[in-house]
Amino acid sequence: MGRRSCRAQGDPAPPGCAGERDLPVSAPPAVRGRPAGPRRAAGTADSRTGAGGRRVTGPLDLVVRGGTVVDADREQRLDVGIRGGTVVALGEGLPAAATEIDATGTYVLPGGVDVHTHLDQVSAKGARTADDFLSGSVSAAHGGTTTVMAFAAQARGERIADVLARGLAAASRSTVDVGLHLIVTDIDRPDAAGDLAEAATAGVTSMKVFMTYEKLRLADAALLRALAAARDLGVRVMVHAEHHGMIGYRTGTLVADGVTAPAGHLLAHSRNAEGAAVAEIAAIAEYLDMPIYIVHLSSPEGLRALRQARDRGVAITAETCPHYLFLDETRLDAGLVEAVRSMCSPPLRGAADRATLWAAVQAGDIDLIASDHAPYRMDAKLPRGSDTTFPECANGIAGVELRLPLMVSEALSGGRVSLPDVVRLCCAAPAQAMGLWPRKGHLGVGADADLAVWDPSASWVVSADGLHDAMDHSAYEGTAMKGAVRTVVSAGEVIVDDGGHRLTQGRGQFLVRPALPAGVRP
C-alpha cells in the first residue's frame, strides 16, 4: 500500500505491517514493572531550579528548550529539563544538556494517556484486532501518546490467572509504557476471587464488564458478584453499558423484516438502549456503594442517566471517544463497503447528539476522552463479503494515533476546547482515573519524562497510508487537520522525530498500578 508502517527505522516496509515482529527486541521479562507512583516527590520549579525550588545540579540528559509548556492548568513558556527518564526542572535558562530539542514556536504537551484500546484481542464475533501491542503502541507514539492501556479478555470458563499471564506476555511487546485491564466474563469459577486478588497484587487494578454481547456479558446476580468482588479489592470497574435485551429484540425484528444493511445497526443499538443500561449499572453501583467508569458514552440518553445518578451521589467517571465527537451516523447509510468502515458499538450518532456531547465535555460532565481503538481490517468487517449482515460485522474504529491530533486540531482551530482542556481530557484525567497520576498525564518535576512537541503551523490530511497502525482503512480518511506532532519523548528518550522513529519491541515499561484505597471514590 505504500504506507509508512510500524517498523524499525531503516527497515524495509513490509506489506500490511506484517513484519513488525522483526523489530529488534529489548529483553522484556514477563513483567518489567515499577510502581505507578512518582519516582520522586513533585515540587515547584523556577528558573534553573528543580524539585522544591532547589538549583539544578549535575548534568541534564535532555532539555526541551523554548517551547510553550501546556498542562491542564497552564500555558507557559518554559524549558523542560530531563535526567534519568524523569522531569527534574522546569524554567527558563536551564543549563545545557547532552541533547537539546529546539522547541521555539511549538507547544510542549504531556505524552497522551489512552486508557481504552483493544490490542491483540479477539472480539465477541471471533475477529482478531489488526494491531497487537507492538503495532498499536507504535501507532500511538506517532500520535503523541506515550502510555496505552489495553485488555486481557477472559473467555467463559477460562481461569483469570491464565488470562493475566497471556495478557502480560502480549503487553511485553509494547514500545511505550503499558498497563492492562482484565475483561471478566466468568466470575463464578471457584478460583475467580483468588485470581482477581492476584491480578490486583500484580498491578492490574482495573477490569471491564459488558452488559451486552452473548459471549461477554455479565447479568443479574453474576454482574453484582463481579462488581462486589472488584469493590472489595479496590479494583476499578469499567462498564460497556448497552441494554442486551433491547438490542437483541430490535436486531431480531430488523433482520426478520429484511433490514440487514449497516444502517440497521443504528436502530438496533439505540440511544434508549444506552440510557437504560447506564441507569441500571448506576443503580447497581449505588446499591453496592462503589464507583464505576462508563466507557464510550455516546448519547443524550446515556448522559441524562449519568447526571441523574450523580445527583444521587453515585461516583461515576464518564468517557467518550473522538468518533462520537467528530463523525456522523449518516456514514452508515452509504454502500456496504464504505459504511462498515464507520461501524462501532455504540454506533455513531447525529449532529444534535454530538452538540450535546461537546457541551458535556465543556461542562466537565464527561471526564476524559479515550480512543476505544478497535482496529478491524475489512476482512473482519465483511466476513461474508457482500452478503455480510450488520449483526455479523466486526464493530470498531481505529483511533489510537488520531485521538490527540484530532483534539489538538480542534483546539488550534479555535474550536470547542483549549489546549489545557486537551491535556485535561487526554492526559491528566485518564492518568488520574487509572492510578497513574502524578507520574503520568502532566509535565511536572518528578513526573515521567513523557512529552510531545507539537508544531501549530502544520496542516495535513488524514490518510490510511500515512498512519502507522496495521489497518487497511481509516474512518477519518480525508479529514483536514491543524497542528502536528514533531517530536515525541518517552521516559527521556526521543522516540519519534519529524516522522521518523526509534521504536523497538519491548522498550515500554509495564505499569504496576495501586488499588483504590477502601472507601475512595475517584
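The largest nonpolar core has 110 residues. A nonpolar core is a set of buried Ala, Val, Leu, Ile, Met, Phe, Trp, Tyr and Cys residues joined through side-chain atoms within 4.5 Å. Buried means under 20% relative accessible area, exposed over 50%, and partly exposed in between, with a 1.4 Å probe and protein chains only. Leu-182, Met-207, Leu-227, Ile-281 and Met-407 have the most contacts inside this core. Helix α7, residues 271-288, supplies the largest share of this core, seven residues. Helices (H or I, at least four residues) and strands (E, at least two) are DSSP runs, numbered from the N terminus. A second, separate core has 20 residues, including Met-149, Tyr-213, Ala-431 and Leu-436. In soluble globular proteins, nonpolar side chains tend to be buried together.

This is a predicted model; local features need pLDDT of at least 70, side-chain atom pairs count only at pLDDT 80 or more, and totals for chains, interfaces and linings use all residues. Residues are numbered from 1 along each chain as its sequence is written, and side-chain values use heavy atoms, with hydrogens and water left out.

Now the chain as a whole. The protein chain has 14 helices and 21 strands. Of its 522 residues, 59% are buried. Contact means heavy atoms within 4.5 Å. Among contacts between residues at least 6 apart in sequence, 77% join residues at least 24 apart.

Where does the model leave enclosed space? A search of the whole structure finds five cavities of 30 Å³ or more. A cavity, on a 1 Å grid over the protein atoms alone, is a set of points where a 1.4 Å probe fits but cannot get out; lining residues have an atom within 4 Å of a point. Grid points are joined across faces, edges and corners, and a volume is the space filled by probe spheres set on the points. The largest cavity holds about 320 Å³. Of the 24 residues that line this cavity, Ser-123, Phe-210, Tyr-213, Tyr-376 and Asn-395 are the closest to its centre. Tyr-213 is also part of the second core.

Next, look at Thr-212. Thr-212 lies in the loop between β12 (206-210) and α4 (220-233). Thr-212 counts as buried because its relative accessibility is 3%. Its side chain makes a polar contact with the side chain of His-244 at 3.1 Å. A polar contact is a pair of N or O atoms within 3.5 Å; within protein, one must be able to donate a hydrogen and the other to accept it, and residues adjacent in sequence count only if both atoms are side-chain atoms. Beyond four places in sequence, Thr-212 touches Arg-217, His-240, Glu-242, His-244 and Ile-247.

His-116 sits in the loop between β9 (112-114) and α1 (133-142). His-116 has a relative accessible area of 0%, so it is buried. The side chains of His-116 and His-118 make a polar contact at 3.3 Å. Leaving aside neighbours within four places, the contacts of His-116 include Met-149, His-296, Glu-319, Asp-372 and His-373. Met-149 belongs to the second core.

Thr-320 is in strand β15, residues 316-320. Thr-320 is buried, at 0% relative accessibility. Thr-320 and Leu-297 are 23 residues apart in sequence, yet 4.9 Å apart in space, C-alpha to C-alpha.

Finish with the backbone. Most residues other than glycine have a negative phi, and most peptide bonds are trans. The peptide bond from Ser-345 to Pro-346 is cis, with omega near -10 degrees. Pro-346 lies in the loop between α10 (336-340) and α11 (351-363). Another cis peptide bond joins Trp-437 and Pro-438, with omega about 5 degrees. Asp-120 is not a glycine, yet has a positive phi of about 50 degrees. Asp-120 is partly exposed, with a relative accessible area of 31%.

Definitions and conventions. On a 1 Å grid over the protein atoms alone, a cavity is a set of points where a 1.4 Å probe fits but cannot get out, and a pocket is an open set with protein on both sides within 12 Å along at least five of seven lines; lining residues have an atom within 4 Å of a point.
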